[in-house]
Each structure stands twice: as C-alpha cells, then as structure tokens.
Amino acid sequence: MQTEISKRDLASTFSIQRIGKFIGKNYLLFSLILLIVAGTLVNDAFLSTANLKGLLFTVAIYGLLAVGQSLNMLVSELNLTLGASMAFSPILAIWIARNIYAASGVEIVRSGVQLVGGVPLIVFLVLLISVLVGVTIGSIRVKFGVSSLIISLGMSYLLQGSSYIISNSNLIYLSEIKNINWLGTAAIGPFPVSFLIFLLIGIVLILLMKYTRFGLRLYSTGGNEKAAVYSGVNTKMWKIIALGISGFCAGLAALMYSSRMESIDPIQGEGLQFYALSIAIIGGISVAGGKGSLSGTLMASAVLVIILNIMQIFGLASWYQTIMIGAIILIASSQAIRKPAR
Amino acid sequence: MTEPILRINGVSKSFYSVNALKNVDFTLKAGEIVSLVGTNGAGKSTLCNIIAGIYPPDEGQILLNGELVSISSPNMAESLGIGIVHQEPTLVPRLSIAENIFLGKEKLKNGPFLDFEVMKRECRETLSKLGHENMDINRPVSTLSLVEMEIASIAKAVLLNPKILLLDEVTAPLNYMEVNHLFKVIRDLKKQQIGIIFISHKIKETLVISDRVVVLRDGKIVSDMVVDKKMEEKHIISPMLGVTITDDIEDVIKDYSETENREVLLEVNDLSNGKDFHNINFQLHRNEIIGFAGLKGAGITELFSSIQGIMRYKSGTILMEDEQIFCKRPSEGLQKGIAMVTNDRQKDGLATFLTVRDNIVIGSLEKLTGILGLVSQTKTTSSSNEFVYKLDIKTPSLDQPVQFLSGGNQQKVVIAKWLLKNSQVLIVDEPTRGVDVKAKSEIYKLLLQQKDSGKGVLVYSPEVRELINICDRILIVSNGTFVEEIKRNSPVFNEPYILDVIHSNVSIEVT
C-alpha cells in the first residue's frame, strides 16, 4: 500500500505535465541554457573571448535600458526617451562643462570636436541630466495626468533634435583622453566591467524589490493604484522615482557606449528604447503594470542578445535579426494569452 | 454624558455642482454600531470617504474625541485610528495577503529591510482574531475567493487596532453563514470599544447588527433611530425613499385600463442565459410599460441586454410581433425595433466628447440623408433641435459637447437618441441614475408619451416608487427569476409590499 502511494507520488513528480509546467514557468532560463549550448555546438567562434566580450557588452547596454523600462512598466508608465537620452545627456553635459571651464579660461574641447579634459564633471552631469529627463517626464505625468507614453514620445524627439543642434551634428572624439575606454572595454576574464556593473545594478534592484518597501510600492502603484493610494502609498512619487531610475540607466548606458566608441555621436542610442521595451515584454513584464520581475528582464536581455549574436555569426543580415525580434515578441505575448491572469 | 468618539458637524460636499452631502450631522460613540442606509447615490459612500480622508468636505467640521481634526489623507485617517473597508476591492492582485495587509505600513528591521517574520506573524494574529487563522497568507490576492478577499480587506483595516471602523458594504458578496460569522467578529470588535459604521443594502442585516440606524436621502440625514425589538424593516424603508416624483405624473396614469386585450408586441419565452437569469416569461403589449423591480445584481440588466442583442442568451425564444427573432448584436436588435437606454450613460450611452447634435442623430443617420445619400446638415439640425425643445434639454447650443451637460440633461440626450430612432420597443435600464428630481419626472413623462403613441416600454429602476408611478404592471426579479407579478389594479401595487417582496426574497436566499 505504502509503496503504491510512493510510486504514484514519484510518477506524478516526474510526469511530463509537471516537467512541462516547470519548463513553462522557467522558460527564459531554459531558452538561455539552450541557446548557450546551441551557440557552443554550432560554431567555435561563439565561445571565443572576443565574441563573449562583445556579446556581454551588448547585454549590458540593452539590459540596463530594459531594466529601466521594466521599472517604468511595473508602475504602468513608459519612457521612450531612453534611446535619445543616450546621445542627449553626454552632448549637453559636455556643452555645460565646456562653458563652466571656459569661464576660468580652460578649453576642454579642442578644435570643437576633440575632448581633452573635465571627465569627472562630465560623468556627473551625464548622470544628472539623464535622471532629470526621467524625473521631468514623471512630474508632467503626475501633475497633468497625461500619459507618459505621449510625454516621453514628444520629449524623445525634442532631445534628438537638441542633440544635433548642440553638437552641430559633429561627433565629439574622446580618444585624446587617457584610459577613456576603460568602462567600455576593460574586462575581468571574459567579463567586461560594463557587464559586471549591469549585473550588480540588476541584482541590487532585485534585492531592493524583494526585501525592502521599494518593491511593494512599485508593484502596488502599478497593480491597483487606487488600492495603493487608499493604503497611503504616494503613488505619484513612486512613478517619478521609477522614471528617474530609468533615466539613470540610460545615462549609465551612454557612458559605457561612449567609452567603448571613444566618441559621442548624436545618433547613438537611436531606437534602443524599443529594444528595451521588447526585452521587458519578452522577460514577462506586463504593459498593464504591476506584474513581472526584473530577473525575467535580466534573462531576457541575455536571450535576445545571444539570439542576435548567433545569427550574426551565421552571417544573417540585420533584417533577419529584426524579424527575429518581432517573432520573439509575438511568441512571448502569445504565452501571456495562453495563461490568462487569474 | 461622554463625548462621542466621532462627531460630524454640518458637513457638505458636492461634485461637479451635484450635492452629494448637504449639511450632515452625525455622531458615533465608542462601542456603538451605527448603520448608514439609503438608496444608491444617497451619500453614504461620500460620507465614508470624507471620514476616510479620501477627499475633504467642502464645509463642516469633524471632531474626534472632541478635538477638531482635518483628515487630509488616508494615512492620516489611519494614524487617527480610523480603519476602513472600502466598497470596491482595494487589494493589489499580484501581492500576497500579508503584503497587502501591510501595504503602506510595512515592518522593517536592520534599517530598510522588510521584516517578513514579524509581518507574517502579525498578519496571522489579525486573521485569527477574525477567525480565519487557516488562511494561507502567502497566496496572491488574485487567487482568493470573494469572501477571502473581504476578510483580507477587513484584516487590513483592523491591523492597527482602530478606534473607529468603517465597513462599506462588506456583506454584499457573502452568504448567510459568512455574514453570521462576520457579525460575530463585528460584535467582538464592538466589545473592544471600537465605534463601527456599517453600510449595507440589506435592511434586515442592519436591524440585526446595529444599535442605531441613520437614514440618508439625497445627501441629507432624514432619520436617526435607535434600534429596538419592535423595529421593522418598513420603519427604515419609508424614510429611505421619500417623495421623488411630482404628483402630476400620477395624474397622467389615472386613466389606466386593462392590458389583456391589447396587441402583443414582444413575447419572451423561457429565456435563460445560464447564469444571470432563468426561465423568464412575459409579454409586452402595445401601449404598455412594464416595470422590473429588484436589487442590483438580480439579473435585470443582463436580461435587458440579452433581449436587445447586446448580450447573448443560452435558451428560450423572443418573438417580436409574432415573428421569432434572435439578435446576435445590438445593430440587429435595433433593426428589429428594439432600442435600449443602458444604465451607464457615460460609459456606453454617449460619446461624451461629441456634441449634443451628433449624439442625438448618431443612431438614425440613415433617416437623415439628403442628396446622394449624404447626411443632411439641415435634417440633423432640425431633428436634434426638435428633441432638445421637446425634452427641454438645457444646453447653450447644439454644438455643445455633452460632457459639459449636467447628468440629467445627458440622460435626456441618450433618450432623445433612441426616441429619434423611433423603435417599437424601448428598454430603459435605470433611466434616473444620478438625475435630479425635476429631470426624473420629465424623463418619466417621456416614457409615458412613448406608451401613449403605441410603443412598448420595459423599465428598471432601483427606486420602486418611480416604477409604481408609471408602470402598468411590475415584475419582481430576484436572483434572475420572476418571483411575483403585480398589476396596477392589484391591492398590493404599492411600494412597501414590493420592497418587502424584494428584500424578503433576498433573505430567503440568504437563510
């Protein structure tokens, strides 16, 4: 009798349904493992240090923006300036720094295109400006009740245009500055510093979400704003905070990108806001708000970048990669349809 | 005599120039249970929300233990010792019970870190105080049953040991056993000297649980009674209703005649949708108004929608002038001559950004065409003008967006739309929701005119008195079935009897 029960237990534990359920629950993790195995088997180039470094750097940039966007989505907001801010923040920061230094007779931009100094101030300003962009969107959002989608869409064009005007459509080169490429290229083993920073930020945010009030505030703000307000949660403030953090992520991504390129291009970051949105959706963050977790976003950024990387190794043109992103989003969303929210 | 823990002096509140509360005085003593009763829109929830700090009163004072306070936020209400269970669900679906209960007042340790242990322990303690120690507090709220959600909401409100507890329709989703259990809980809280404000639509419940019953009507307190054994439901119901229709309506209806010999317009046989209503049978004649009486949620809205084609039904037949019809969508219903005024005019009755003219003609454009079959501006203007005049719609011009009209005038625009359509059968779901007394009587006059012009009208109103004034017969619905039909010439065609049937049937279901 007893053995019978245990047999049945065993059978049910290892039943295909259960395994299917487990995989369905952790589909991102399994796709990630599958992709890494596939990449390794299919081509030696995949595991080469050079490829891994490039790949992980891209994960860091896309992932940072996606984490920022995920926080926005958790509070039922969106920030479409993430891409534009990656150019605007450094360009405006250099313009301000240049004017500050010029006041004391120091020229930090030689012949208009070559940056030669003032890096600490510029780094600070980049982060400050990018945070302020997010906070501005959030403030307009809560003050006037306009959707952040619209505000940030308008703002994104505003920033793009301003970037070109302030920079005279010129690239600003950073190559004269010693070690400027540290953030973008330094690595510990195959792991770029930028990737490790991204991972650290991701993990810190996950822990904050789980073990402090931060997570409850964000989830309740996006999950049922009225309930949150009735419970005394300052939902307006939390929306602004989420948008501010997403701005910070964009600023950090800009620093990493410019460091690697050793230049600041007014076109840099263009369109990446949609990659960020896509990754968040693939990672299971609901556009309706209050649902999803950052660990999903972290894994989704790796999944997406690895897929694109494998396609690249095979020499498939970028249009195929674009189609692939579209297909993955549709597959991810169809999963949400199949599992209706209870 | 001790000072009451809560005293409200002359509180008024209005929304968009509609008076929700007018100069209300109210007191609550420690260890007292006071029921607030009144029809929908009488101002009960407004009063609650003011006490809860959701919005401030326009005028008046609130005193707690004799001290003047201004309750500016839900947080402040909480810190002043006021716990609230709101009528609408105010839990975050994705968070667990424990997380919901502590939302906004989380316990921390080592600085910013959540103290899950303490929170879970206190959560269990609070739940066991309510007799639900077996609830799994880690479950997300989205997986709970209605009852469990209600319990979680109450636990959230009593977590901080409030002095005053507001229960806004907490018993609505509960069955008899659960209500009884909840009443035990409430009496326990009363013993702890908590003052409790209890709001319910079930009059019997208020008699069972309360020490005092305060009746609100149209934003004013009309009665304040201490409950004793001799008290009956009718003592509460009569002040609840008051006079809402002017007398001249009753004159119009005097020439009532028997309906049996008239031509049958609409016949409904054995209609069920398997969920909201069952085995519905009735015949609607020309020149007849049938009233449907019942509580909200009795299935009347669903029945109406199914007849029109807005919703589908599962079984049964509908005959329109002896021809069987089956309307799968609203446009088919309209084609067959059945129009419906839905109960939520803002949501599904009007395009609020469009003008008065556009809203009136929008359903009848095919009748208003000129050359080449294009919509004729002259015809739309003259038709909408005609109805604005006939219905006395107060609007500065035909080009005024309807969102800027008052509730009563908005409702008249909806009715104008369907009158212009000139359907044989007019179904009207709560035509007077949020409409003032004068507009109410005008709207009912319009319905009587429809009847006199040979149409048939089905009407539901939660206010039985209004039905009595205009209907030829009243069908009482409870839990989706007819429980009684009362004709106009019947001796029991009166409000107290009908209300008694409505409410007693509810209690039968409960007990």
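This is a predicted model: local features need pLDDT of at least 70, side-chain atom pairs count only at pLDDT 80 or more; totals for chains, interfaces and linings use all residues.
Residues are numbered from 1 along each chain as its sequence is written, and chains are lettered from A and ligands numbered from 1 in the order in which they are written.

Chain A contains 15 helices and 6 strands, where helices (H or I, at least four residues) and strands (E, at least two) are DSSP runs numbered from the N terminus. Its radius of gyration, taken over C-alpha atoms, is 22 Å, close to the 20 Å that the globule rule gives for 342 residues, so chain A is as compact as a globular protein of that length; the rule itself is 2.2 Å times the number of residues to the power 0.38. Along the principal axes, the C-alpha trace of chain A spans about 90 × 55 × 35 Å. Of the 342 residues in chain A, 45% are buried, a residue being buried if 20 or more other C-beta atoms lie within 10 Å of its own, exposed if 12 or fewer, and partly exposed in between, with C-beta atoms placed from the backbone. Among the contacts in chain A with a separation of 6 or more, 78% join residues 24 or more positions apart; two residues are in contact if their C-beta atoms, placed from the backbone, lie within 7 Å.

Chain B has 18 helices and 22 strands. Its radius of gyration of 25 Å agrees with the value near 24 Å that a compact globule of 511 residues would have, and its C-alpha atoms fill a box of roughly 80 × 50 × 45 Å along the principal axes. In chain B 44% of the 511 residues count as buried, and residues 24 or more positions apart account for 68% of its contacts with a separation of 6 or more.

One open sheet of chain B has 6 strands in the order E6-E9-E10-E3-E11-E12, with mixed pairing, where two strands pair if DSSP finds at least two bridges between them. Strand E6 (82-85) and strand E12 (220-226) of chain B stand at the edges with a single partner strand each, so one side of each is left without a neighbour in the sheet. Within this sheet, strand E9 (residues 164-168) and strand E10 (residues 195-199) of chain B are parallel and share 5 bridges, and B:Leu166 has B:Ile197 in E10(B) as its bridge partner. Helix H1 of chain B packs on the sheet, touching E3, E6, E9, E10 and E11 of chain B, and its direction makes about 145° with that of E9(B); axes are lines fitted to C-alpha atoms, for helices over the stretch in contact, and angles run from 0 to 180 degrees between N-to-C directions. Helix H5 (residues 146-158) of chain B lies across E6 and E9, running at about 170° to E6(B).

Another open sheet of chain B has 4 strands in the order E14-E13-E16-E17, with antiparallel pairing, and its edge strands are E14 (280-285) and E17 (323-325). Strand E13 (residues 264-272) pairs with E14(B) over 5 bridges, and B:Glu267 stands opposite B:Gln283 in E14(B).

The largest nonpolar core has 161 residues, of which A:Tyr62, A:Leu65, A:Ala253, A:Ala276 and B:Leu166 touch the most other members; such a core is a set of buried Ala, Val, Leu, Ile, Met, Phe, Trp, Tyr and Cys residues joined through C-beta atoms within 7 Å. Helix H12 (residues 235-261) of chain A gives the most to this core, with 15 residues. Beyond its neighbours within four places in sequence, A:Ala276 is in contact with residues including A:Tyr62, A:Leu65 and A:Leu82.

Finally, 20 residues of chain A are in contact with 20 residues of chain B. On the side of chain A that touches chain B, helix H10 (213-223) and helix H11 (225-230) of chain A are the elements that give two or more residues.
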